[in-house]
Each structure stands twice: as C-alpha cells, then as structure tokens.
Amino acid sequence: MNKKSCFTFFSVLSLTASILFSCTQQKNPSSEQITVGESKLLADESLYPIVDDEYQIFAENYKRAQINISYKPEQDIINSLLTDSIDIAILGRELNPKEAQHFEDKKIIVRSTKFAIDGIALVTGKSNQDTLITVEEIKQAFEGKGNQEQVFVFDNAKSSTVSYLMELTNVKVFPKNVYALKTNKEVIRYVNEHPNSIGIVSVAWMKRPTPDIAAEVENLKFMSLKTEKGTFEKPSQTSLKLKTYPLTRDLYLINCQGKAGLGTGFASFLASELGQRIILKSGLAPDSLPSRKINIRH
C-alpha cells in the first residue's frame with residue numbers, strides 16, 4: 001500500500017470511528033443532560049400523588065428524558081443517599097447538618113429546590129362528631145397520656161410522617177393506640193372502616209387520591225387544628241401557603257449529582273410556571289404563585 005492510499009485508509013477509519021463514537025455518546029445514558037438521558041430518583045412515598053402528576057407532564061414535554069422513579073419511606077431514601085446508591089431524591093424536608101456533611105466531605109454541592117408546601121393531615125370519618133384537636137392533645141396522645149381508646153394510625157414506621165411527629169412531640173416510642181400500618185392507602189382504608197379513628201396522612205393523598213381509593217376518601221374529612229391565634233384551621237392552599245395550619249412542611253428536590261443532569265432539569269421544571277400550576281391544581285400550595293393571564297376582548 002502506497003503512502004497516499006495508506007493516508008486515505010486511515011482517514012476513513014478515523015472518520016468512521018468518530019461517527020461511531022458520536023452515536024454511542026448519544027445513546028449512552030452517561031451522556032446525561034438536563035433534559036436528555038436516563039437517571040434514577042427516589043421519592044417519599046407519602047408524596048406519590050403530586051410527584052406522579054409532575055413527572056407525567058415532564059415526560060410528555062421532554063421525550064428524551066427518562067427518570068425512573070421509585071417510592072420509598074423517608075428513612076430508606078436517606079440511607080440510599082448516604083450510601084451513594086442514589087443522588088436525586090424528593091423529600092418533605094431538607095438534609096439535616098449531619099446528612100449534608102456527608103456530601104461536604106466528598107466535595108459535592110447539594111442543591112435543594114423547594115417546590116411546594118404540604119401538610120400533615122389528621123383525617124377521620126364523616127360520621128365522627130369530634131372534629132377539633134390541638135397540637136397539645138396530639139402530644140399528650142403520643143405520650144400515652146390521652147384517651148387510650150382513641151386510635152391514631154399512620155403510614156409506615158420509617159416514613160416522613162413518623163419522623164415529623166417524633167420531632168414535634170419529642171416522643172421516641174408511641175403507645176399501643178398509636179401505630180403504623182404500611183401505606184397511606186391502608187391508613188385511608190382503615191379510617192374508612194373505623195370512622196372514629198384518626199388517620200395521619202399527607203394532604204396530597206386527600207387532595208389527589210389515586211382512583212382505587214377515591215371512594216374511601218369521599219367518606220373522610222379533615223380535622224381542624226388549633227392555631228397560635230386560637231382559631232381552628234383545616235389544611236387548605238391558603239392555610240398551607242401562609243403556614244397558619246400548624247402541621248405544614250416544605251417539599252424539596254434534593255440533587256446530589258454534582259453536575260448538570262436530569263436532577264437539574266426536573267428541579268427546574270418543578271419550579272417553573274408549569275410545574276407550579278400543577279401544584280396549584282393538586283390542592284397543595286405552590287412555592288411561587290403562577291402568574292394569571294387575562295385576555296381583554298376589544
């Protein structure tokens with residue numbers, strides 16, 4: 001082979017390799033961008049209704065982005081973050097200082113995007129005449145000092161609901177009349193069957209129930225909690241946004257990717273006007289109120 005032919009052969013070979021490499025890059029999930037590629041995300045299972053709403057619209061708008069979402073209790077999600085088996089999560093709180101230190105030690109910048117305000121709802125059967133409760137009464141019940149015949153049920157022993165209540169009441173072990181089931185659906189079904197009991201669930205499950213429990217939710221009602229001003233409030237968009245409802249919590253997308261990937265893209269979508277409108281429609285309180293467009297006819 002002469003020099004000219006040799007040069008042409010290697011030029012074609014080089015160009016072919018370059019094209020093949022480019023195609024591989026486009027198909028390779030490692031070439032993840034903010035709206036392109038594939039990634040995993042863990043979400044607090046108590047927030048399923050709103051997270052699923054958001055993702056369905058995100059997926060429709062960004063066909064080349066695939067986020068595989070799994071729903072787990074808060075404690076399991078935190079463990080996955082700290083063992084580096086996942087780097088994007090949706091939680092009902094930010095990382096605490098000890099958890100954040102894990103990423104600081106690894107020189108990873110954690111980005112937290114607040115996108116909604118949720119509430120911990122106390123629900124009971126519509127036939128129950130007792131509809132008012134105070135935070136102090138909740139504390140006494142969890143300390144075993146209240147009415148031992150009043151049953152409280154919540155979703156999961158490792159859930160964000162439990163950690164929220166433990167922090168609120170400073171109780172580590174609940175009495176026998178306060179106990180965990182497995183899921184928010186089970187809580188709703190239990191209270192439906194025992195209308196004098198009190199279920200503790202995310203407001204999201206009451207506002208946006210899945211079709212299989214919609215009928216059961218219709219038989220339940222919110223209990224009103226006593227506010228600092230002495231009035232009683234139910235969870236609503238107004239009371240959540242103003243935080244006059246005593247048991248509110250902020251929702252965050254926690255991004256520990258340390259780069260601009262799908263975590264960044266989904267967080268931006270959640271905070272966008274469209275993402276906030278989805279929150280508004282869901283019955284929760286958006287972090288920022290979407291603008292209203294008014295058409296004036298001449």
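Modeller: Before we start, contact here means heavy atoms within 4.5 Å. This is a predicted model, where local features need pLDDT of at least 70, side-chain atom pairs count only at pLDDT 80 or more, and totals for chains, interfaces and linings use all residues. Residues are numbered from 1 along each chain as its sequence is written, and side-chain values use heavy atoms, with hydrogens and water left out.

Colleague: Fine. Which residues does lysine 226 touch, not counting those up to four places away in sequence?

Modeller: Lysine 226 sits in strand S10; strands are DSSP runs of E, at least two residues, numbered from the N terminus. The residues touched are Ile133, Thr134, Thr231, Phe232 and Pro246.

Colleague: What is the strand order in the open sheet of three strands?

Modeller: Two strands pair if DSSP finds at least two bridges between them. S5 and S10 (residues 224–226) pair in the parallel sense over two bridges, and the sheet's pairing is mixed. S5 (132–133) and S11 (232–233) each have a single partner strand, so one side of each is left without a neighbour in the sheet. The order is S5-S10-S11.

Colleague: Which residue in S10 is the bridge partner of leucine 132?

Modeller: Leucine 132 falls within S5's span, 132–133. Its partner in S10 is serine 224.

Methods: Helix = DSSP H or I, 4+ residues; strand = E, 2+ residues; numbered from the N terminus.
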